[in-house]
Amino acid sequence: MAQHHDHGHGHDHDHHEEHEQLKVLGFWIFVVTDCVLFGTLFATYAVMMNSFAGGPTGQELFQLPGVIASTFILLTSSFTSGLAVLAMNKGNVKQLIAWLAVTGLLGLSFVVLEVTEFMHLISEGATMGTSGYWSAFYTLVGTHGLHVTLGLFWMTALIFQLKRRGITAVTRRKITNLSLYWHFLDVVWIFLFTVVYLMGVM
Amino acid sequence: MWENIKDFASTFFVTGDPLIYGADVSIVLSIIAIVFVLTKYKKWGWLWREWLTTVDHKRIGIMYLIASLLMLFRGGVDALLMRLQLAFPNVEFLNSEHYNAIFTTHGTIMILFMAMPMMFALFNMVVPLQLGARDVAYPFLNALSFWLFMLGAMLFNISFVIGGSPDAGWLSYPPLSQNEFSPGPGQNFYIWGIQISGIGSLATGINFIVTILKMRAPGMKLSKMPLFSWSVLSSCIMIIFAFPILTVTLALLFLDRFAGAHFFTMDGGGNPMMYLNLIWMWGHPEVYIVVVPAFGIFSEIVATFSRKKIFGYKSMVWAMMIIAVVSFFTWAHHFFTMGTSASVIAFFAISTMIVGIPTGVKVFNWLFTMYRGRISFKQPMLWTIAFIPCFVIGGATGVMLAVAPADYQYHNSYFLVAHFHQVLIGGVVFGYLAGIYYWWPKLFGFKLDEKLGKWGFWFWNIGFYVCFMPQYALGFMGMTRRYYTYGWDRGWADLNLVSTVGAFLMGIGFIFQVWQIAYSIKNGERDTTGDPWNGRTLEWSIPSPAPFYNFAVVPQVKEMDDWWATKEAKANGTYKEEPAKLEPIHMPKNSGIPFIMANFWFLVGFGFTFGWVWMAVIGFIGVFACMWARSFQYDTDYYVPVEEVRRTEASLGRVV
């Protein structure tokens, strides 16, 4: 194999741009697979919707105000992640990092609210093992929460990288993918909020 | 204390069966032998630098190939053990639990750890070369996919000697796979082995879709793309829609077992039938995922060895795309008898039969391509020709099974067993073997020996019919699958004996093939031209074995079967040589992270298998650390200077 050489070539830049574009396309396809994953979990939830097995129902235990609050927090974070991308397009690293940080904090509060909600539900006697319904509930909502948590982890890594390297073809692509991911989680949450919580208390 | 250790060891290691003691000894001996050879010849560094960290798609393909052949051996031994047990009535060779474990691992290994990696081997060995590309879209991810497959497969395989094999069938139906009926780690090995390798498969699907859509050489429109690449695209589209379902299904099954959830349990509001729906929503597309690339292989081989353009190129493409879509609407034909409405059954019966139409179109296209062609009966072509009658019979019995009222009669019988072996061996195994023979010289620089190959071919083929034709009859005589023994009074004895003989004939065929590879490494005909079969597509335009950067100059594609057109133009004297302009080649750097990360995944799987959460947590931390480290790696590629390309080409006998 060839040894390493310095990047001193004229077409270097084009190659990088091209490769970064490829990675955005790949990420879109990844999002498609994630849609299938959530679709399967939603279908499972739909099948389990009335399998309470004598345990508590969602209608009895859900506390909508908290869920509505976390919905607004997540929607806002999707907006701020959009602002982060705008800042990136303007070439303003500081603003970009600041909006990412805001997005991250909002995401963190969403996760905290979700954990609080789960703890409340468990204290009311609804656990994974209570019934098919609650198994499906925790799995569907928890998978979304896990995705948000992973996004936070990723966001933190990217903030460090932006600080060190600024906006380059590579960091630009990473931010593009991250914001795509973040908006996707928002869309999933809207479905989740509707199907699980609104239909649950109806 | 001593008692505790003894107690632990007796549950941890599988004991009490001489076959397993034999396996223990051979595993330990082979590990010692490998370590000894690597140390003695100071090859550890070489192994790490050239193989464990490689991101070269051709080497990854070779590693997939080696792994899949080993798995073919293991799955084959499982098959022979089963056939020995069934050769005569009332045999006491395997007890019922052991028999259950063996048919479970046979099925799982053959589909997921033999067919899938052999398919990925061919993807990796061929697709970028055929597209005129220098690599796949994401070389790092490609390496990660391989190592996830490898470690997942190893996790599944060690269940044999550690903890105990899964024994609830290759798709682990609940309630059989729930804690009440499958206590112990066997089923967890199944879940995590498949889960880990499944993530790798999903990533491969994404990788090759982007590779095919975006990495084709300039001028290669989709309408000029070789059919094997088309088949890979079709297969990968199915992968990205099917594998997330598998991921979820296994995760839910695991939650049932590990966290006391009630998805598929019989109490607590669970629904075992839901598992069947979910697993077959993945499982049915899965069989098309593995067979469609074989169709692509046959298309390449038939055209090459008939010296003719493929007949009906467009209809071939349409057929594969239709199969990719319809494959998602047939899953319920796997449980017609389990009680659902007549209209649902009718829907799935009809959609199942519809799949036969595009498949039939393809078979006719292959036949028309051969018609009036100058056929040469080299090994790849032999397997292709053998495939056609085999697959046609298999397809016809498939349509018989799709007739729902009749299916009530032979559901779960040996008729079914014979059917799916006929399509999977006749379609997938024959196809992949044909592909391996065909592209072997491109990867290794020599042909596999014809004579030994023909011995292997005939043993496989005759053995196949001797083995499976009697099973159709046995199915009609009432023998159902998963029987571990039967009495003389049933009247199944002679047909079972014949079937067992056939299985051993196939085993002999495999031995010939192993011999063939070993023999050809030393004595095989070297390929100095790069185009040993007078091929048609771009991969034959470069030297064999292909240099690590594939193409010194990226080809400009003008025609379908561009290499063939170039050769014709050269013969006619109409070929205009364009001056080759060498440029530095952009290549990805090797990385150890995929290997390390997959090992941490192994820890996760092993930890959860035994319920050792601390170990799984360590594994997860390691996985995240690897992802973090990779995210901070920016220096991931380099340029191969022009002089080095020129030197490499010269050493391969080419002037650029």
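Buried means under 20% relative accessible area, exposed over 50%, and partly exposed in between, computed with a 1.4 Å probe on protein chains only. The model on screen is predicted, so local features need pLDDT of at least 70 and side-chain atom pairs count only at pLDDT 80 or more, while totals for chains, interfaces and linings use all residues. Residues are numbered from 1 along each chain as its sequence is written, chains are lettered from A and ligands numbered from 1 in the order in which they are written, and side-chain values use heavy atoms, with hydrogens and water left out.

**Stop 1: Asn142(B)**

Select Asn142(B), which lies in helix H6 (residues 139-158) of chain B; helices (H or I, at least four residues) and strands (E, at least two) are DSSP runs, numbered from the N terminus. Asn142(B) is buried, at a relative accessible area of 0%. Its side chain makes a polar contact with the side chain of Asn124(B) at 2.7 Å. A polar contact is a pair of N or O atoms within 3.5 Å; within protein, one must be able to donate a hydrogen and the other to accept it, and residues adjacent in sequence count only if both atoms are side-chain atoms. Not counting residues up to four places away in sequence, Asn142(B) also touches residues including His57(B), Ile60(B) and Phe208(B); contact means heavy atoms within 4.5 Å.

**Stop 2: His144(A)**

Move to chain A and pick His144(A) in helix H5 (residues 132-165). His144(A) is buried, with a relative accessible area of 0%. Neighbours within four places in sequence left aside, its contacts include Phe38(A), Phe110(A), Trp189(A) and Leu192(A).

**Stop 3: the cores**

Next, colour the largest nonpolar core, which has 244 residues. Such a core is a set of buried Ala, Val, Leu, Ile, Met, Phe, Trp, Tyr and Cys residues joined through side-chain atoms within 4.5 Å. Phe137(A), Trp282(B) and Trp366(B) have the most contacts inside it. Helix H9 (residues 272-306) of chain B gives the most to this core, with 21 residues. A second, separate core of 13 residues includes Ile102(B), Val417(B), Tyr486(B) and Trp492(B).

Zoom in on Phe137(A): leaving aside neighbours within four places in sequence, its contacts include Tyr45(A), Phe62(A), Glu117(A) and Tyr197(A).

**Stop 4: Pro579(B)**

Finish at Pro579(B), in the loop between helix H17 (562-572) and strand S1 (585-588) of chain B. Pro579(B) counts as exposed, at 76% relative accessibility.
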